[in-house]
Amino acid sequence: MDTPNAPNPEAAAPLGTATDVNRRLVTLLERIAQGDQSAFAEFYGLTSRRVFGMARRVLIDAELSEDTTQEVFLQVWQNASKFNPEAGSPLAWLMTISHRRAVDKVRSSQSSTDREAKYGASSQEIDHDSVSDEVGSRLEAEAVVRCLATLTATQQESVRLAYYGGLTYREVAEKLNAAVPTIKSRIRDGLIRLKTCLGVS
């Protein structure tokens with residue numbers, strides 16, 4: 001599979017109505033599941049801007065965000081057959097994958113920093129606790145839901161639309177009839193509270 005280049009916001013194909021986009025993406029995922037590379041390229045063109053935007057908001061770093069975007073689409077290529085249209089829209093499925101990948105990158109980076117600090121403080125090696133990791137993975141979704149509940153109603157709504165709805169700041173602002181700087185502030189403050197609650201620095 002040839003992986004498309006890094007997303008170019010200016011070159012991204014314009015999306016139609018939500019219903020049209022949803023139908024098109026469902027069809028493309030069905031074709032991707034059968035190994036159709038042209039369908040994959042079209043799916044990438046229609047959605048990469050949103051995936052990159054999601055990654056960039058979480059990771060800040062452009063290069064890390066590009067890497068994460070590529071990983072997300074590799075996962076789409078490998079797991080398109082697992083998409084269930086009855087469980088939600090293709091964009092919601094894609095944004096969930098994107099958000100998890102980005103958060104995993106943050107956690108991985110933090111884990112690496114923590115390991116280096118622990119190694120510097122002590123030469124004693126700590127055994128890897130795979131059971132703890134498995135339990136942590138299973139509880140991740142519950143932790144996110146619990147932490148979302150600590151946000152104000154306006155922060156929750158803004159964060160949900162941006163991260164789970166895959167909307168840009170401007171789209172969130174239009175949907176909530178608020179100014180873009182206000183939405184940016186809500187999302188930024190909400191993410192700070194979420195990261196604190198989740199223990200992500």
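**Aromatic contacts, a buried serine and confidence**

Phe40, Phe43, Tyr44, Phe73 and Trp77 make up one aromatic cluster. In the structure as a whole, the search finds 5 aromatic pairs; rings of Phe, Tyr and Trp (its six-membered ring) pair if their centres lie within 6.5 Å, with planes under 30 degrees apart counted as stacked, over 60 as edge-to-face and the rest as tilted.

This is a predicted model, in which local features need pLDDT of at least 70 and side-chain atom pairs count only at pLDDT 80 or more, while totals for chains, interfaces and linings use all residues. Residues are numbered from 1 along each chain as its sequence is written, and side-chain values use heavy atoms, leaving out hydrogens and water.

Another ring is that of Tyr169: the charged end of Arg57 sits over it, 5.6 Å from its centre. The criterion is NZ of Lys or CZ of Arg within 6 Å of the ring centre and within 35 degrees of the ring normal.

Ser98 lies in helix H4 (residues 90–121); helices are DSSP runs of H or I with at least four residues, numbered from the N terminus. Ser98 counts as buried because its relative accessibility is 1%, and buried means under 20% relative accessible area (1.4 Å probe, protein chains only). Not counting residues up to four places away in sequence, Ser98 touches Val51, Met54 and Val72, a contact being heavy atoms within 4.5 Å.

The chain averages a pLDDT of 77, and 72% of the residues score at least 70; pLDDT is the predictor's confidence in each residue, from 0 to 100. Confidence is highest in helix H3 (residues 62–79), at a mean of 92, and lowest in helix H5 (residues 130–148), at 59. Over residues 8–14 the pLDDT is below 50, and this stretch has 6 contacts in the model beyond near neighbours in sequence. Where pLDDT is low, the predicted coordinates should not be read in detail.

Notes: Helix = DSSP H or I, 4+ residues; strand = E, 2+ residues; numbered from the N terminus. Buried < 20%, exposed > 50% of the residue type's maximum accessible area, 1.4 Å probe, protein only.
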